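Here are my notes on the model, as numbered points. Please read them with the coordinates open.

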Amino acid sequence: MPTRELRLTNRRGLHARAATKLVQCCQPFDARVAVHHGERAADAANIMSLLMLAAPCGTPLTIVTEGRDEEDAMLAIQALFDARFFEDE
């Protein structure tokens, strides 16, 4: 079960558009993805759950993937965070 801490570096943090991109990023993989912000946790398949994390720019999030494609899912999520959700280009 890979676990990685990733920091939100896009200007608006985990807002609706970024949450949608995260959900879409996870969909092709056979893996469950959980996103943790402090004591709160969200299912990365649920946009509303992600929005409830209220994570602004600079927030460290802990990502946990579990399932057959857990490693590939983590790599894709890492790439999405590294690309700043393709928003700050």
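1. Start with burial. A residue is called buried under 20% relative accessible area, exposed over 50%, and partly exposed in between (1.4 Å probe, protein chains only). On that basis, 43% of the 89 residues of the protein count as buried.

2. Ground rules. This is a predicted model, in which local features need pLDDT of at least 70 and side-chain atom pairs count only at pLDDT 80 or more, while totals for chains, interfaces and linings use all residues. Numbering runs from 1 along each chain as its sequence is written, and side-chain values use heavy atoms, with hydrogens and water left out.

3. Layout. Helices (H or I, at least four residues) and strands (E, at least two) are DSSP runs, numbered from the N terminus. The protein has 3 helices and 4 strands. Their order along the sequence is β-α-β-β-α-β-α. The radius of gyration is 11 Å, close to the 12 Å that the globule rule gives for 89 residues, so the protein is as compact as a globular protein of that length. That radius is taken over C-alpha atoms, and the rule is 2.2 Å times the number of residues to the power 0.38.

4. Extent and surface. Along the principal axes, the C-alpha atoms fill a box of roughly 35 × 30 × 20 Å. The accessible surface comes to about 5,000 Å², and 50% of it belongs to carbon and sulfur atoms. Areas come from the Shrake-Rupley method with a 1.4 Å probe; for residues, only the protein chains shown count as cover.

5. Contacts. Two residues are in contact when heavy atoms lie within 4.5 Å. Among contacts between residues at least 6 apart in sequence, 73% join residues at least 24 apart.

6. Core. A nonpolar core is a set of buried Ala, Val, Leu, Ile, Met, Phe, Trp, Tyr and Cys residues joined through side-chain atoms within 4.5 Å. The largest one has 23 residues, of which Leu 14, Leu 50, Ile 63 and Ile 77 touch the most other members. H1, S2, S4 and H3 are the elements that give two or more residues to this core. H1 gives the most, with 6 residues.

7. Helix H3. This helix spans residues 70–82, and its 13 residues reach 18 Å from first C-alpha to last, close to the 18 Å expected. The expected span is 1.5 Å times one less than the number of residues. Which residues of H3 are buried? They are Glu 70, Ala 73, Met 74, Ile 77, Gln 78, Leu 80 and Phe 81. Seen down the axis, these buried residues fall within an arc of 160°, so they line one face of H3. The arc is that of the directions from the helix axis to the C-beta atoms. On the other side of H3, Leu 75 and Asp 82 are exposed. Just after H3, Arg 84 takes a positive phi of about 55°.

8. What H3 packs against. Its buried residues meet strand S1 (3–7), helix H1 (16–26), strand S2 (32–37) and strand S4 (60–66). Leaving aside neighbours within four places in sequence, Ile 77 is in contact with Leu 6, Leu 22, Cys 25, Cys 26, Val 33, Ile 63 and Thr 65.

9. Leu 6 and Gln 78. Leu 6 lies in strand S1 and is buried, with a relative accessible area of 5%. Beyond four places in sequence, its contacts include Ile 77, Gln 78 and Phe 81. Gln 78 has a relative accessible area of 18%, so it too counts as buried.
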